[in-house]
Amino acid sequence: MDVWFLLTPGYLALDLAGPAEALRIAAEEGAPLRLHMAGPEAACPNSLGLVSQLDPLPLALPSDAWVVLCGNRDEVTDYATPAADALVAWLRTHAQPPRRVATICSGALLAARAGLLDGRQCTTHHALTGMLTRLAPRARVVENRTYVRDGPLWTSAGITAGIDLALALIEEVAGPAVVARVARRMVVYLRRSGDDPQLSPWLAYRNHLHPAVHRAQDLIARDPAAAWSVEALAESVHVSARHLTRLFRQEAGIGIVEYQQRLRVARARQLIGQGASVERAAEGAGFGSARALRRVWQKFEPGTPGQLRI
């Protein structure tokens, strides 16, 4: 999958480097990602004065490509330039829904000028929400969000929040195991937007740096339906069962059994969402029966599994 970072002179170095590094590492970890840097001007200085050599804006994009718009150091001055106008014109032609677009910081202002935010929920840096509201009066601008997703549009608060957005994109295309490895390599927390009703079970309880606990969590996440015993997990990560039980609770803030149950329920949700019956979902998620699934479901989820099929 191609990811196109589209830049104009004065772009914020961290708005590009943070998300791009996360995606580059994800590609090394097996995610099907190819990064491109393009813009209306070949020589493009950033906020630190370093000059990037960019590809020209593409004439066409594959249907599954992502377009990423980074923020700029001085959005008032930088976006009143021929380069910004050229990028906005390109966006109007090539980035309309259902094209997938992600914005970082003031990159949302470019998307607003191109009409990409109309009718959608979005966010930007807290200092720019008023400007975004004026540029996109038909959008639903929300504040105090790390990032917001509305259909094919993803918008973030910018600066380091661009990394959070990138981790969410990685989970979308490569799954929770890859995104967890990327976050550990970057030594960043796995966070989710405050707009989400709850933390994804695949990403929750990973905000620690203990390698043995991460390895145990990776094993469970890789196959939550497997009949993992504490002893088998402990042997796999080379610690005693008693020590792993203590470490898991201390570092992850949750017990091993509850952690696996949460992932099994999440897996059952996925299967039901894909059309499986409650009985099939229970089997695929490692529960002995639909009754067992319903019993555990009540601990963590509202309603019943069957209501997802309505």
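This is a predicted model: local features need pLDDT of at least 70, side-chain atom pairs count only at pLDDT 80 or more; totals for chains, interfaces and linings use all residues.
User: How are the planes of F248 and Y259 arranged: stacked, tilted or edge-to-face?

Analyst: A pair of aromatic rings is described by the distance of the centres and the angle of the planes. For F248 and Y259 the centres are 5.5 Å apart, with 65 degrees between the planes. Planes over 60 degrees apart count as edge-to-face, so this pair is edge-to-face.

User: Which helices does the pair of F248 and Y259 link?

Analyst: The two residues are eleven apart, and their pair links distant parts of the chain. F248 sits in helix 10 (residues 241-252), while Y259 sits in helix 11 (residues 256-273). The answer is helix 10 and helix 11.

User: How many aromatic pairs are there?

Analyst: Rings pair if their centres lie within 6.5 Å. By this rule the count is four.

User: Why is the pair of W66 and W154 said to tie together parts of the chain?

Analyst: Their ring centres are 5.8 Å apart and the planes meet at 75 degrees, so this pair is edge-to-face. W66 belongs to strand 6 (residues 66-69) and W154 to strand 11 (residues 153-156). The pair therefore ties together parts whose separation in sequence is 88 residues.

User: Which residues do ring pairs link into a cluster with W66?

Analyst: W66 is buried at 1% relative accessible area, and W154 is buried at 4%. Ring pairs join W66 into a cluster with Y147 and W154.

How values were computed. Residues are numbered from 1 along each chain as its sequence is written. Side-chain values use heavy atoms; hydrogens and water are left out. Rings of Phe, Tyr and Trp (its six-membered ring) pair if their centres lie within 6.5 Å; planes under 30 degrees apart count as stacked, over 60 as edge-to-face and the rest as tilted. Helices (H or I, at least four residues) and strands (E, at least two) are DSSP runs, numbered from the N terminus. Buried means under 20% relative accessible area, exposed over 50%, partly exposed in between (1.4 Å probe, protein chains only).
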